[in-house]
Amino acid sequence: MKQNRLFARLGLAALAALALSVSTPVYAAEKVVDKIHFLIPGGAGGGWDGTARGTGEALTKSGIVRTASYENMSGGGGGKAIGFLIENAASNHGTLMVNSTPIIIRSLVGRFPHNFRDLTMVAGTIGDYAAIITGKNSPYKNFSDLIAAYKKNPRKVSVGGGSVPGGLDHLVAAMAFQAAGADPTRVKYIPYDAGGKLNAAILSGEVAAGSTGFSEAVALAKAGEMRILAVSSSKRVPAYKDAPTFKEQGYDVTFVNWRGFFGAPGLPADKAALYRKALAAMYATPAWKVVRDRNGWVDIHNSGKDFVAFLENQEKVIKTLMQKLGFLR
C-alpha cells in the first residue's frame, strides 16, 4: 500500500537518560546554543518524551548545548502544549516543542484549532518505526496469531495506543488490520496517555495488544517483558533483530513516523537559525549515534524550508490515507 509509506515515537528506553549527567560533554564540539527548554506535549514514557530527552542528551553531551531542561504538558492529544506555545509566544523564544505526525492528523480531523503553519518550523530530526506489541505471557506469538483471534471474535481483541482515537497509534493499528483483511474502522481501540500507561495496560492484560513506536517497545522487549509482534520497517531493525516485520509475515505495511522540533510563532530568525545549526551539528557526534542506535531511530533531517515542504507533502499523503481508511471524509 503506497499510502502506508509515510514519514512521520521513543519511550521507556530513553528514561534511563534522566539519570545521566548532561553538563559534562563526552565529545568536544563547538557550543552553538547556551540552553534549550524542551516542551513535550505528552506524558513520560511516550515517543515525544523520549525524543526530546534523547536529543537533549546528545546535544549536551557533545557540548553543542550547555544545558537542557524538559517540561511535560499533556492534554488534547498535544493540543494543550501547542496552544500554550502560541499563546505565550513572546516568553518562549528559548523553547523548542517536539512533535510528529499527530500535529498533521489532529489538524486534518479538526481537533486542533491550529496547525503546523502557526508555529516556527525548525527542523525534522528522526524517524521511528511503528510496532504492534503484547505482553510476555500473551498467547499471541506473532501478528498472524493476533489477527486470527480478531477474526474469530473482534469484540475480544482490543488494541491500546498512546494517542487519542483517530491519532497516530490508532491509524497505524487500522492500517495493519486492513492489510490483514479486517475492517479498519471496527478495530476496538483504547487510548492511553503516552507509552508508560499503555505498557502497564498491556502487561496487566487490560488490552490484547498495543500500537506504539518501535523505540518505546525496545527496552521492555530486550528485558523480556514485552513481545514485539511486528515492526513496520522493510527489514529487521538492528537495534532489536528479534522483532519480525509485517512484510516478512505477509502484510504490506511499511511506516516510519517523523519527529521534529518547532518554535513559537514569531521566533526571531537568528534564534531559529542557531537551533537549526545545533541540530544539524548533532548528527556528526558520537553522542547522537549512541542515542539514535539505542532507540532504533533513523535519521530524517529536514531543516527550515525543507521541513516546511516535507510537512506540506505529508499533509497531502496522510489525508489520502485517512480517507482510504475511513477516518476522514
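Me: What makes strand β9 (residues 256-263) count as mostly covered?

Reply: In this predicted model, eight of the eight residues of β9 are buried. A residue is called buried when its relative accessible area is under 20%. Strand β9 is therefore described as mostly covered, since each of its eight residues falls under that cut-off.

Me: Which residues of β9 point one way, and which the other way?

Reply: V256, W258, G260 and F262 point one way from the strand, while N257, R259, F261 and G263 point the other way. Both sets are buried.

Me: How do you know that β4 and β9 are paired strands, and in which sense do they run?

Reply: Eight bridges join β4 to β9, and the two strands run antiparallel. Pairing requires at least two bridges between the strands, so β4 and β9 qualify with their eight bridges. Within this pairing, Y129 stands opposite V256 of β9, and D128 has N257 of β9 as its bridge partner.

Me: Which strand is joined to β9 by four bridges?

Reply: That strand is β3 (residues 95-100), which runs antiparallel to β9. The bridge partner of S100 in β9 is R259. With four bridges against a requirement of at least two, β3 and β9 therefore count as a pair.

Me: Where does β4 pair with strands β10, β7 and β8?

Reply: Strand β10 (residues 298-303) is antiparallel to β4 over four bridges, with A123 opposite S303. Strand β7 (residues 209-213) also pairs with β4 in the antiparallel sense over four bridges, and there A131 stands opposite T212. Strand β8 (residues 226-231) pairs with β4 over five bridges, again antiparallel. In β8, the bridge partner of A131 is V231.

Me: Why is D128 called buried?

Reply: D128 is found in strand β4 (residues 120-135), where 16 of the 16 residues are buried. The relative accessibility of D128 is 0%, and because buried means under 20%, D128 counts as buried.

Me: Why is K156 called exposed?

Reply: K156 lies in the loop between α5 (143-152) and β5 (158-161). Its relative accessibility is 67%, and since exposed means over 50%, K156 counts as exposed. K156 and K188 are 32 residues apart in sequence, and their C-alpha atoms are 8.7 Å apart in space.

Me: How do you know that the radius of gyration of the protein agrees with that of a compact globule?

Reply: For 329 residues, a compact globule would have a radius of gyration near 20 Å; the protein has 19 Å, which agrees. The C-alpha trace spans about 60 × 40 × 30 Å along its principal axes. Buried residues make up 58% of the 329 residues, and the secondary structure comes to 11 helices and 10 strands.

Me: How many positive and negative side chains does the protein have?

Reply: The protein has 39 positive and 24 negative side chains, and the centres of the two sets lie 5 Å apart.

Technical notes: Residues are numbered from 1 along each chain as its sequence is written. This is a predicted model: local features need pLDDT of at least 70, side-chain atom pairs count only at pLDDT 80 or more; totals for chains, interfaces and linings use all residues. Side-chain values use heavy atoms; hydrogens and water are left out. The radius of gyration is taken over C-alpha atoms; the globule rule is 2.2 Å times the number of residues to the power 0.38. Buried means under 20% relative accessible area, exposed over 50%, partly exposed in between (1.4 Å probe, protein chains only). Lys and Arg count as positive and Asp and Glu as negative; His and the chain ends are not counted. The place of a charge is taken as NZ of Lys, CZ of Arg, CG of Asp or CD of Glu.
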